Amino acid sequence: MKRYFAVFTVLVILVSICACTKTSVNKNADVTLTFICGEDNIRVTLDDEDAEKVINILNGKKYASISSGVPSCGFDKNISLKVGGQTFAIACDTCNYIQDLGNFRYFDIPIEDMKYIHSLFQKYGGYFPCM
């Protein structure tokens, strides 16, 4: 009986680690841009057009494997995009990684998409790198 319990426990752990392999965001949620760095304190709810683009960029992205480690880009909840109840920290340097703060997992996006996200921050007074 103990052997079955041990096998069951291992299977549950493996499924929980591997189950969430892609990002999933609410396509109808508000998107809030946050940039708090130095003297700057910016919080803006994006208009519908920009919010839709951000949601499309963030949704359905494959998380990096847990064994790949932590990118050395530098992440901060104060440099982030919040979609509904989910917060995504944007790399403070210029790399194209994003951290899902809800589960502390990372994923990368195409360079063009990161340029668009950086342009949104710049539109409201943010800048990169921001360390």
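Start by selecting F121: leaving out residues up to four places away in sequence, F121 touches L33, T34, F35, I79, S80, L81, I90, G126 and F128, where a contact means heavy atoms within 4.5 Å. Before you go on, note that this is a predicted model, with local features needing pLDDT of at least 70, side-chain atom pairs counting only at pLDDT 80 or more, and totals for chains, interfaces and linings using all residues. Residues are numbered from 1 along each chain as its sequence is written, and side-chain values use heavy atoms, with hydrogens and water left out.

Now widen the selection to the largest nonpolar core, which has 31 residues; I79, I90, I98, I117 and F121 touch the most other members. A nonpolar core here is a set of buried Ala, Val, Leu, Ile, Met, Phe, Trp, Tyr and Cys residues joined through side-chain atoms within 4.5 Å. Buried means under 20% relative accessible area, exposed over 50%, and partly exposed in between, using a 1.4 Å probe and protein chains only. Color by element and you'll find that β1, β2 (40-45), α2, β3, β4 and α3 each supply at least two residues of this core. Helices (H or I, at least four residues) and strands (E, at least two) are DSSP runs, numbered from the N terminus. Apart from this core lies another, of 6 residues, among them F75, A89, C95 and Y106.

Next, select residues 48-58, helix α2. Which of its residues are buried? They are D50, A51, V54, I55, I57 and L58. These cover an arc of only 160° around the axis, so they sit on the same side of α2; the arc is that of the directions from the helix axis to the C-beta atoms. Show their neighbors: they pack against β1 (31-37), β3 (79-83), β4 (86-90), β5 (97-100), β6 (105-108) and α3 (111-123).

Finally, the salt bridges (a side-chain nitrogen of Lys or Arg within 4 Å of a carboxyl oxygen of Asp or Glu). By this rule there are 2. Pick E49 and K53, whose side chains meet at 3.7 Å, N to O; both lie in α2, 4 residues apart, about one turn of the helix. E49 is exposed at 52% relative accessible area, while K53 is partly exposed at 38%. Then pick D50 and K123, with closest N and O atoms 3.1 Å apart. This pair links distant parts of the chain, D50 in α2 and K123 in α3, 73 residues apart. D50 counts as buried, at 8% relative accessibility.
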